[in-house]
Structures are given as structure tokens and as C-alpha cells.
Amino acid sequence: MSYEFNGKTIDTDANGFLKNTEDWSKELAEFIAKGEGVELTPKHWDIVEYLRDAYFNNNGEQPNTRHIVKAMADKWGTNVIQKDVYDLFPKDPSKQGGRISGLPESRRKGGY
């Protein structure tokens with residue numbers, strides 16, 4: 001699988017995760033999100049930036065949904081529940097958010 005974006009072919013795995021994280025850009029994130037029926041808002045970008053920061057600055061860490069909820073509650077200064085982040089990324093905040101964030105597919109085994 002791949003994305004045709006701005007005259008380039010961007011290689012992905014079978015599930016749409018980038019093979020090369022260096023191919024990612026905010027414009028590509030918008031393109032991927034649009035293909036998944038997600039319109040990125042500032043809250044979406046908060047999660048995307050959190051996922052990218054965790055991955056690139058914490059030795060490849062890919063937070064699960066529970067960690068995303070906690071981090072966004074801290075960032076947004078409000079009570080955040082799992083439904084709030086699923087409303088933003090309905091196909092799983094850690095998986096769909098990770099795909100839009102240009103990260104490799106998480107090898108984490110399910111769970112909350």
C-alpha cells in the first residue's frame with residue numbers, strides 16, 4: 001500500500017502506517033486524515049503532537065489510549081474521558097492517531 005501525495009509515492013505497510021517516518025509532514029497528516037474521514041482540529045493536533053513527541057523523544061514509546069486520555073486531561077486542563085478521544089479518532093486514538101501522526105504500527109497487544 002502507498003499514498004500518492006504531492007507527486008510522490010509514500011510507502012506504507014498494509015495497514016497504512018508509514019514505512020519511513022521522515023516522509024511525514026503536517027500536510028501529509030491532513031491528507032491521511034481526510035482519507036479516514038477525520039478533519040483535524042487543534043485537539044487532534046494536540047494528540048498528534050503528543051504521539052510524535054512520545055515516539056521520537058522516549059525511545060519509540062507509543063502511548064495507549066489510557067495514556068493519551070491522561071495527557072490530554074493535563075494539557076487541556078479539563079476532565080477527559082476515553083469517549084472524548086474516540087470522538088476525535090473513532091478508529092482508536094492510539095492506532096488511527098498514530099497512523100495520522102506518521103508513526104509505525106504499534107506492536108502493543110491490545111488492552112486498555
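1. Two strands count as paired if DSSP finds at least two bridges between them. In this predicted model, strand S1 (residues 2-5) and strand S2 (residues 8-11) are joined by four bridges and run antiparallel. One of the pairings involves Glu-4, whose bridge partner in S2 is Thr-9. The hairpin of S1 and S2 has two residues between the strands, and Asn-6 takes a positive phi there, near 50 degrees.

2. The next point is the packing of two helices. Helix H2 covers residues 42-57 and helix H3 covers residues 65-76; their axes are 11 Å apart and form an angle of about 120 degrees. Angles of 65 to 115 degrees would count as roughly perpendicular and those over 145 as roughly antiparallel, and H2 and H3 are therefore oblique to each other. Their crossing is right-handed.

3. On the H2 side, the contact is made by Lys-43, Asp-46, Ile-47, Tyr-50 and Leu-51. H3 contributes His-67, Ile-68, Ala-71, Met-72, Lys-75 and Trp-76. By class, the residues of this contact are seven nonpolar, three charged and one polar.

4. Helix H5 (residues 93-100) has eight residues, of which seven are buried, so the helix is largely enclosed by the rest of the structure. The buried residues of H5 are Pro-93, Ser-94, Gln-96, Gly-97, Gly-98, Arg-99 and Ile-100.

5. After H5 comes Gly-102, which has a positive phi near 80 degrees.

6. Pro-93 lies in helix H5. Is this residue buried or exposed? Its relative accessible area is 0%, and since buried means under 20%, Pro-93 is buried.

7. Leaving aside residues up to four places away in sequence, Pro-93 touches Leu-51, Thr-65, Ile-68, Val-85, Tyr-86 and Gly-98. Of these, Leu-51 and Ile-68 also take part in the contact of H2 with H3. Ile-68 is 25 residues from Pro-93 in sequence, while the C-alpha atoms of the two are 7.8 Å apart in space.

Technical notes
Residues numbered from 1 in each chain as written. Predicted model: local features only at pLDDT ≥ 70, side-chain atom pairs only at ≥ 80, totals over all residues. Heavy atoms only, no water. Axes fitted to C-alpha atoms, helices over the stretch in contact; angles between N-to-C directions. Parallel < 35°, antiparallel > 145°, perpendicular 65-115°, else oblique. Left-handed = near helix turned anticlockwise from the far one by under 90°. Contact = heavy atoms within 4.5 Å. Nonpolar A, V, L, I, M, F, W, Y, C, P; charged D, E, K, R; others polar. Buried < 20%, exposed > 50% of the residue type's maximum accessible area, 1.4 Å probe, protein only.
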